[in-house]
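Thanks for asking me to look this one over. Here are my notes, point by point, for you to follow alongside the model.

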Amino acid sequence: DAEPILAVEAVEAVYGGVVLALRGVGLTVRAGGISALLGANGAGKSTTLKAISGLIRSERGRVTAGRIRWRGTDIVDADPSRLVAEGLVQVLEGRHVFPQLTVEQNLVSGAYVRGAASAEIAEDLERIYAWFPRLKVRRAAKAGYTSGGEQQMVAIGRALMTRPKLVLLDEPSMGLAPIIVEEIFEIVRQLNREAGVSFLLAEQNAHLALRYADHAHLLENGRVVAEGPAADLAGRDDVAASYLGGG
Ligand code: ATP
């Protein structure tokens, strides 16, 4: 087996020096893979993604133990914008678009981190619009006036403007109608298969995530309690319970 693109080992993390949110998390994402991070509300999924991206520090959190290896180098305490430049980007839960900017301005904002030239930006925009035809139609609309599904697409599209190798995608289904969720997951699958983007997907809806992921990890109380090929986890009672308990 080739070395995974991302390897998290025995990571512990705290908020504000007191709240122990992660108590030993290990996971891997293989290059070209889709890994899922499952678990009920509060299990530590978001914290795991933020520990990887470095964004945990903007919430007065930090990694206190363990290792995070990104394409062979240790990235605990790395600067989040450096990681974005190296191809590792997080899409936050709850979408976080700039509501007063248009859909297109939101997308273009993703290109600034790598100081892209305007010809490149135009090219990348067309690529994003090919993946998300809805966004092309809505390009001039203020993002704050678009639907929840469209905002999730904007958030993912903006991340894609950084030309990522790995996208950390936090709870993309949250608050969206099932048909829109399927549309978004289908695009994720296409991005993975056709553009080679790897994903680490945090999702409370295990049933959904396991249909799209190739590998999965179940988190409980800040620990990984089960791990394996998605097809194997799909049949487990504790996975079903986490979904029912958290959904
Ligand atoms: P959710 O679906 O609610 O996002 P989650 O599995 O992503 O759940 P986390 O958000 O990672 O869980 O939360 C893990 C633990 O860390 C919880 O006990 C939560 O209360 C705590 N926590 C999360 N964010 C913070 C924060 N900014 N400050 C303090 N504690 C936090």
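**Notes on the ligand site and the sheet**

1. Let's start at the ligand. Helix α1, spanning residues 45-53, contributes three residues to the shell around the ligand, which is the most of any contributor. Please keep in mind as you read that this is a predicted model.

2. The shell has 14 residues in total, and the closest are N41, G42, K45, S46 and T47. Sorted by class, four of the shell residues are nonpolar, six are polar and four are charged.

3. A few distances to oxygen atoms of the ligand deserve a look. From the backbone, an N or O atom of G42 lies 2.8 Å from a ligand oxygen, and an N or O atom of A43 lies 3.1 Å from one. From a side chain, an N or O atom of E93 is 3.4 Å from an oxygen atom of the ligand. As for cover, the ligand on its own has 620 Å² of accessible area, and the protein covers 67% of this.

4. Now to the sheet. Six strands form an open sheet in the order β6-β7-β8-β3-β9-β10, and the pairing is mixed. Because β6 (88-91) and β10 (223-229) are at the edges with a single partner strand each, one side of each has no neighbour in the sheet. Direction ignored, neighbouring strands here are turned by 15° against each other on average.

5. Helix α6 (residues 148-160) packs on it and touches β6 and β7 (166-170), with its direction at about 170° to that of β6. Helix α7 (residues 178-195) lies across β3 (34-38), β7 and β8 (198-203), and runs at about 155° to β8.

6. Next, please zoom in on the β9 and β10 pair. As a reminder, strands of a sheet pair through backbone hydrogen bonds, either parallel or antiparallel. Strand β9 (residues 215-220) pairs with β10 in the antiparallel sense, over six bridges. Within this pair, H217 stands opposite E227 of β10.

7. Which side chain makes a polar contact with the side chain of E227? It is that of H215, at 2.7 Å. H215 is found in strand β9.

8. Finally, the surroundings of H215. Setting aside neighbours within four places in sequence, H215 is in contact with I34, S35 and A36, and also with E227, G228, P229 and A230.

How values were computed
Residues are numbered from 1 along each chain as its sequence is written. This is a predicted model: local features need pLDDT of at least 70, side-chain atom pairs count only at pLDDT 80 or more; totals for chains, interfaces and linings use all residues. Side-chain values use heavy atoms; hydrogens and water are left out. Two strands pair if DSSP finds at least two bridges between them. Helices (H or I, at least four residues) and strands (E, at least two) are DSSP runs, numbered from the N terminus. Axes are lines fitted to C-alpha atoms, for helices over the stretch in contact, and angles run from 0 to 180 degrees between N-to-C directions. Contact means heavy atoms within 4.5 Å. A residue is near a molecule or strand if one of its heavy atoms lies within 4 Å of it. A polar contact is a pair of N or O atoms within 3.5 Å; within protein, one must be able to donate a hydrogen and the other to accept it, and residues adjacent in sequence count only if both atoms are side-chain atoms. Accessible areas come from the Shrake-Rupley method with a 1.4 Å probe; for residues, only the protein chains shown count as cover. Ala, Val, Leu, Ile, Met, Phe, Trp, Tyr, Cys and Pro count as nonpolar, Asp, Glu, Lys and Arg as charged, and the others, Gly among them, as polar.
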